[in-house]
Amino acid sequence: ESLLSMGCTWSRSEQLPELCYLDVAIDNRSVGRLVVRLRPDVVPRTCRNFVRLCEGKGRHPGHGYAGTKFHRIEPRFCVQGGDCGPSIYGEFFKDESFALQHM
């Protein structure tokens, strides 16, 4: 059974990136890149959490998405997985907004 894992890099804008890149591998073989568009203008805390976990700078050293597994990928909709523990704000943090739709 093949499992998906990811690592990530991102290009920095002034404060938070607009795009985040997640490099995907199956059995250590690169299979592509997911591009995630961030909206810090609408959900800055959520974006900051996502970026920090992509950088491996979670609540604990090395804590982040790199090496985590995906449960499923729905093209042009969502990715489920990336279970890496608590957010940078703790176990839970309040949803900021439901104004944006998944694309």
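Predicted model: local features only at pLDDT ≥ 70, side-chain atom pairs only at ≥ 80, totals over all residues.
How many disulfides does the structure hold? The count is 0.

**Stop 1: the whole chain**

Show the protein as a cartoon. Trace them along the sequence and the pattern reads β-β-β-α-β-β. Now colour by burial. Of the 103 residues, 31% are buried. For contacts with a separation of 6 or more, 43% link residues 24 or more positions apart.

**Stop 2: the largest nonpolar core**

Select C20, L22, L38, V43, C47, F50, V51, L53, C54, Y65 and C84. These 11 residues form the largest nonpolar core. Strand β2 (19–26) and helix α1 each supply at least two of its residues. The top contributor is α1, which gives 5 residues. Keep the side chains of this core on display for the next stop.

**Stop 3: the cysteines of the core**

Pick C20 within that selection. Is C20 buried or exposed? C20 counts as buried because its relative accessibility is 1%, under the 20% cut-off. Now draw a distance from its sulfur to that of C54, the nearest cysteine sulfur. The gap is 3.4 Å, and C20 is in no disulfide. The reason lies in the cut-off: a disulfide needs two cysteine sulfur atoms within 2.5 Å.

Move on to C47. Which cysteine sulfur is closest to the sulfur of C47? The closest is in C20, at 10.0 Å, so the pair is too far apart for a bond. C47 is buried as well, with a relative accessible area of 4%.

**Stop 4: N49 on the helix**

Select α1, residues 44–54, and find N49 in this helix. N49 has a relative accessibility of 8%, so this residue counts as buried. What does N49 touch beyond its sequence neighbours up to four places away? Show S87, I88, Y89 and F93: N49 touches each of these residues.

Zoom in on I88. Its backbone nitrogen lies 2.7 Å from a polar atom of the N49 side chain. Draw that distance to finish the view: a buried asparagine in α1, with its side chain set against the backbone nitrogen of I88 at 2.7 Å.

Conventions. Residues numbered from 1 in each chain as written. Heavy atoms only, no water. Helix = DSSP H or I, 4+ residues; strand = E, 2+ residues; numbered from the N terminus. Buried < 20%, exposed > 50% of the residue type's maximum accessible area, 1.4 Å probe, protein only. Polar contact = N/O pair within 3.5 Å; in protein donor to acceptor, adjacent residues only side chain to side chain. Contact = heavy atoms within 4.5 Å. Core = buried A, V, L, I, M, F, W, Y, C linked by side-chain atoms within 4.5 Å.
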